[in-house]
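Trainee: Hi! I have a new model open and would like to talk it through with you.

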Amino acid sequence: MKPPPSGDAPPARARLEVPRLWASFGYAWAGLVRTWQSQPNFRIECTIGGLALALAWWLEAGLVPVLVMSALVLSLEVVNSAIEAVVDLACPEFHPLAKVAKDAAAGATLLAAVFSVLVGWWCWGCRCGGRCVRRGIF
């Protein structure tokens, strides 16, 4: 059965609006800058991610797993910061459900960080031993 005809015109296709796109990128960049400025854990995780990339390059291991896991951890840290800000805005005083939301977001970041370490060990396990022995480190 066909729907009844309507006098409305068919929806126009979405078109790329460059000024709006640039504004969106600007808002996203502002969010990253604010996270960098206000969240020490984000800065620590960026540093660890950079060191992991340097180690992957030195070991001649795959950079893609390091990039993917670093992006996951950093993205979850940004989401965690956003959730904390919204919870603080909605509930300035202590509330058990606010604690649940904040703890769950932090737990997601922790879980990604732990799995990042596991992925690193899996990717670099035997390469580190051989590389370090050849260079006389061990």
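Trainee: Let me start with a side chain: is Trp-22 buried or exposed?
Mentor: Trp-22 counts as exposed, with a relative accessibility of 60%. Bear in mind that this is a predicted model.

Trainee: How many helices and strands does the chain have?
Mentor: Four helices and zero strands. Read from the N terminus, the order is α-α-α-α.

Trainee: Back to rings, then. How many aromatic pairs are there?
Mentor: Two aromatic pairs are counted.

Trainee: How far apart are Trp-22 and Phe-25 in helix α1?
Mentor: They sit three residues apart in α1, which spans residues 18-38, so about one helical turn separates them. Phe-25 is partly exposed, at 48% relative accessibility.

Trainee: What about the rings of Trp-36 and Phe-42?
Mentor: Those rings are edge-to-face too: their centres are 6.4 Å apart and their planes lie at 85 degrees. Trp-36 is partly exposed at 40% relative accessibility, whereas Phe-42 is buried, with a relative accessible area of 7%.

Trainee: On to packing. At what angle do α1 and α2 cross?
Mentor: Roughly 100 degrees, and the axes of α1 and α2 (residues 40-58) come within 5 Å. The angle falls between 65 and 115 degrees, so α1 is roughly perpendicular to α2.

Trainee: Which residues meet there?
Mentor: From α1 there are Leu-32, Thr-35, Trp-36, Gln-37 and Ser-38, and they meet Pro-40, Phe-42, Arg-43 and Cys-46 of α2. By class, the residues of this contact are five nonpolar, three polar and one charged.

Trainee: How do α2 and α3 pack?
Mentor: Their axes lie 10 Å apart, at an angle of about 180 degrees. With an angle over 145 degrees counted as roughly antiparallel, that is how α2 runs relative to α3.

Trainee: Which residues make that contact?
Mentor: On the α2 side they include Phe-42, Cys-46, Leu-53 and Ala-56, and on the α3 side Leu-63, Val-66, Leu-74 and Val-78 are among them. The contact of α2 with α3 has 12 nonpolar, three polar and two charged residues.

Trainee: Which residues does Ala-56 contact, apart from its sequence neighbours?
Mentor: Setting aside neighbours within four places in sequence, Ala-56 touches Ala-61, Gly-62, Leu-63, Val-66 and Trp-124. There is also a C-alpha separation of 9.0 Å between Ala-56 and Cys-123, which are 67 residues apart along the chain.

Trainee: Last one, for the chain overall: how much of it is buried?
Mentor: Buried residues account for 20% of the 138 in the chain. Also, of the contacts between residues at least 6 apart in sequence, 66% join residues at least 24 apart.

Conventions:
Residues numbered from 1 in each chain as written. Predicted model: local features only at pLDDT ≥ 70, side-chain atom pairs only at ≥ 80, totals over all residues. Heavy atoms only, no water. Phe/Tyr/Trp six-rings, centres within 6.5 Å; stacked < 30°, edge-to-face > 60°. Helix = DSSP H or I, 4+ residues; strand = E, 2+ residues; numbered from the N terminus. Buried < 20%, exposed > 50% of the residue type's maximum accessible area, 1.4 Å probe, protein only. Axes fitted to C-alpha atoms, helices over the stretch in contact; angles between N-to-C directions. Parallel < 35°, antiparallel > 145°, perpendicular 65-115°, else oblique. Contact = heavy atoms within 4.5 Å. Nonpolar A, V, L, I, M, F, W, Y, C, P; charged D, E, K, R; others polar.
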